[in-house]
Amino acid sequence: EKGGYASFMLKEIAEQPKAVADTLLGRIDGSGALTLDEVRIPANVLRETDKVVIVACGTAFHAGLIAKYAIEHWTRLPCEVELASEFRYRDPILDQQTLVIAVSQSGETMDTLMALRHAREQGAHVLAICNTNGSTIPRESDAVLYTHAGPEVAVASTKAFLTQLVACYLVALYLGQVRGTKWADEIRAVVRDLSSIAGAVERVLETMEPVRELARSLAGKDTVLFLGRHVGYPVALEGALKLKELAYMHAEGFAAGELKHGPIALVEDDLPVVVVAPSPRGRSVLHDKIVSNIQEIRARGARTIVIAEEGDEAVAPYADHLIRVPATPTLLQPLVATVPLQVFACELATARGNEVDQPRNLAKSVTVE
Ligand code: F6R
């Protein structure tokens, strides 16, 4: 069943290029337009939408955090992202003009289900992004965009996460297309870039041996920190979550700009800090800022592990370990930058003698609130 892999998790990490390609399949036509016929929410409703709210848990929540950047940029609609378990209890402001997106691999997560029920009671339209056909969350939603990751067996979500990202980008681009946006040219370009992203993920997977080696060398550590900016921030959160759940290590993700507001006090000699560097092209301000953050932590003794785009030479002098990922547009970078973090957590957990497919205390589908 594991197809020659030592764990389902390794198999599922390896399946990501296909999962990504399958999730795009049939959803973009020859002219580069999105054909999301399955999103049965009528175009006029989507045009009248004045706010998007994303609800999800865990890894799916991190996909939602990334989606916010894409949705707000491409559609200019305000977008909130909230942990499903918190959402219902704060009396959220929802009405017929709110589009709620519930993201869930299993389609059975009780917190997410309760959040979407609450949203529908308030009259909001609910779109599910889900990996499991016929599960409860899509059944109770107005519409569903299925991710085509195939069955995910390992408890830690990997390929489902990448396909959730793809689905979120598709929804963001579709909303932009339906509503009309000043970014029409950019949207067309991104659709082209999405079509080559599976290949980029494949290339990342081919270069993971040094990441595995590095992970093994850190098996005796107690703490690993993760830093990012912009969409790299949720990627950092996801890297930390994977390490917690699999390696049972203390791991935290921070927005790199927050360092000086507290977390930098944690940095001590030889502390491993993983930094997700944004592309130096495009939003170069972000890149300059991350380079100074890397310098700051390194000056305080951190062992810097930097995930950076191919050709990004500015970070190289400050990286004790450099992990290269192919160049992508800034918003799409999580699709490639997350992969080394999955491999890192899986290998580190294995080196610590943990069972990666069945981490302690966790279940694949959380059907209690
Ligand atoms: C982390 C993980 C969990 C799930 C979360 C939501 O690797 O697997 O954090 O992402 O329990 O599950 P779904 O997506 O099934 O709603």
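**Close-up views of a predicted model**

Figure 1. The volume of the largest cavity is about 50 Å³. Its lining is made up of Val39, Ile41, Leu46, Leu99, Leu127, Val171, Tyr174 and Leu175. Helix α8 (residues 159-179) supplies the largest share of this lining, 3 residues. By class, the lining residues of the cavity comprise 8 nonpolar, no polar and no charged.

Figure 2. Two or more lining residues come from each of the elements α4 (58-75), β3 (98-104), α6 (110-121) and α12 (232-247). Helix α12 makes the greatest contribution, with 4 residues. Divided by class, the lining of the pocket holds 9 nonpolar, 10 polar and 6 charged residues.

**Figure 3. The open sheet of parallel strands.** The sheet is built from 5 strands in the order β2-β1-β3-β4-β5, paired in parallel. Strands β2 (79-83) and β5 (143-146) lie at the edges and have a single partner strand each, so one side of each has no neighbour in the sheet. From one strand to the next, the twist averages 20 degrees.

**Figure 4. Pairing of β1 with β2, and the packing of α4.** Strand β1 (residues 51-56) pairs with β2 in the parallel sense, over 5 bridges. Within this pairing, isoleucine 54 is placed opposite valine 81 of β2. Helix α4 packs on the sheet and touches β1, β2 and β3. The direction of α4 makes about 175 degrees with that of β2.

**Figure 5. The contact between helices α2 and α10.** The axes of α2 (residues 16-24) and α10 (residues 197-206) come within 8 Å of each other and cross at roughly 170 degrees. Angles over 145 degrees count as roughly antiparallel, and α2 and α10 are therefore roughly antiparallel to each other. On the α2 side, the contact involves Gln16, Pro17, Val20 and Ala21. These residues meet Ile197, Ala198, Val201, Glu202 and Leu205 of α10. By class, the contact of α2 with α10 contains 7 nonpolar, 1 polar and 1 charged residues.

Definitions and conventions:
Residues are numbered from 1 along each chain as its sequence is written. This is a predicted model: local features need pLDDT of at least 70, side-chain atom pairs count only at pLDDT 80 or more; totals for chains, interfaces and linings use all residues. Side-chain values use heavy atoms; hydrogens and water are left out. Axes are lines fitted to C-alpha atoms, for helices over the stretch in contact, and angles run from 0 to 180 degrees between N-to-C directions. Angles under 35 degrees count as roughly parallel, over 145 as roughly antiparallel, 65 to 115 as roughly perpendicular and the rest as oblique. Contact means heavy atoms within 4.5 Å. Ala, Val, Leu, Ile, Met, Phe, Trp, Tyr, Cys and Pro count as nonpolar, Asp, Glu, Lys and Arg as charged, and the others, Gly among them, as polar. On a 1 Å grid over the protein atoms alone, a cavity is a set of points where a 1.4 Å probe fits but cannot get out, and a pocket is an open set with protein on both sides within 12 Å along at least five of seven lines; lining residues have an atom within 4 Å of a point. Grid points are joined across faces, edges and corners, and a volume is the space filled by probe spheres set on the points. Two strands pair if DSSP finds at least two bridges between them.
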